[in-house]
Amino acid sequence: MNILITGANGFLGKKLSVKLLEQGHNLYLLVRNRKRLDSFMAKEGDAYSSQIHILEGDVTEEHLGLNRQLVNSLKGKIDAVYHSAALLSFDEKDRDRTYKVNVGGTENVLNLALEISCQKVLYISTAYTVGKETVGAETLYSSDRCFVNPYEASKCEAEHLVYKFRNNLDIVILRPGIIIGDSRTGVADTNFGLYGFLKGIKILKKRAMRRQDAQSCTIFLDPEVAQNFVPVNYVIDVLDAALVHGKNGSIFNITNPNPPLQSEVYAIVKEVLDFPQLKMYPPSLNAEMTNEEKAFHDSMSIFHSYFQRTIDFPSDNTAKMLAAAGVPMLQMDREALKRIIAGYLLDKASITS
Ligand SMILES: NC(=O)c1ccc[n+]([C@@H]2O[C@H](COP(=O)([O-])OP(=O)(O)OC[C@H]3O[C@@H](n4cnc5c(N)ncnc54)[C@H](OP(=O)(O)O)[C@@H]3O)[C@@H](O)[C@H]2O)c1
């Protein structure tokens, strides 16, 4: 197939590209910065150069910034689009830009797909369009619910846009949980989600160890809350299965049926970092914090809402689709999670100031 991928330079986009290239597809990769893609391709994609067409563009522009000649040349040529480009900022200050990229950009992608007579658009959303609710079914959510941040709200609005096109295009909405590294290798190439937390813990340890009297160092998190971590290789398997098996109008949770508890993540972090002074208590304890602990908790404030509740994500649609594709559902054991956490914490390149 000929497949266009937006966000091809991103964490997910690069992994997806490699998987599709290995299967022999021809890829049209939309990137803002060609040089960044070149350095990635030099490492992983060189063998596939004849299957790769690079399109320099920006989803916030009409026709994604591609010129008329290029748009014409794509007519009737593209079988499917994976729309992965997005701005992953939880910051209220970025609200306008987040909407421009995530909602406006999605509209531009859908319009281009129609114009070039592409049959199928696979939209990569997020499980967190569920907002402040605690159950996330595989259905379209109301867009007037309460959201934690503009990112969630923008992705939900984009889902509604995508869904509206179901009479003109085959559309599929894919909702990953918190994407973490590869369960086989531990490798990840992102600073988002879990990695923001791990970076914070590394800084906490470094600062605490500077104190001679560092007896203990506490993080205040509810041990019973689960975090919906999904390894990137599983996410890619589901995205790939949806290319053939995802029916028009369907929505798939790419989530973890047995998500790890915060107490389990904490225990692994403590072990991997060799940080016996690290303690975890529920926030209800209301204990006084040291300066280091306070700095850590302040830096984690954007995740506050996610640390407080377990969200149930039924995934019957995904289970059925994967069964049809002959792909197993996710089973992430402690060893795989440890490999992923260690992959970041023990990587020298991730050492922070
Ligand atoms: N990571 C997660 O935990 C997670 C969880 C659930 C859902 N998702 C969704 O998965 C998708 C991919 O996320 P990711 O983790 O791969 O994020 P990422 O590494 O930040 O990749 C996002 C990509 O979007 C591109 N992009 C941003 N603005 C653009 C614009 N105006 N025009 C064209 N491209 C633009 C970026 O290009 P540059 O390289 O030029 O910056 C980047 O390559 C997103 O839709 C995200 O919402 C991610």
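Q: What counts as a pocket here?
A: A pocket is an open set of points on a 1 Å grid over the protein atoms alone, where a 1.4 Å probe fits, with protein on both sides within 12 Å along at least five of seven lines; its lining residues have an atom within 4 Å of a point.

Q: And what volume does the largest one have?
A: The largest pocket has a volume of about 1,300 Å³, taken as the space filled by probe spheres set on points joined across faces, edges and corners. This is a predicted model, where local features need pLDDT of at least 70 and side-chain atom pairs pLDDT 80 or more, while totals for chains, interfaces and linings use all residues. Residues are numbered from 1 along each chain, and side-chain values use heavy atoms, without hydrogens or water.

Q: Which residues lie nearest its centre?
A: Of the 50 residues lining the largest pocket, Ala86, Leu87, Leu88, Thr190 and Phe192 lie nearest its centre.

Q: Switching over, what about the second largest pocket?
A: The second largest pocket has a volume of about 480 Å³ and is lined by 18 residues, with Lys14, Lys15, Val18, Glu44 and Asp182 nearest its centre. Helix 1 gives the most to this lining too, with six residues, while helix 2 (34–45) and helix 7 (232–245) each supply at least two.

How values were computed
Helix = DSSP H or I, 4+ residues; strand = E, 2+ residues; numbered from the N terminus.
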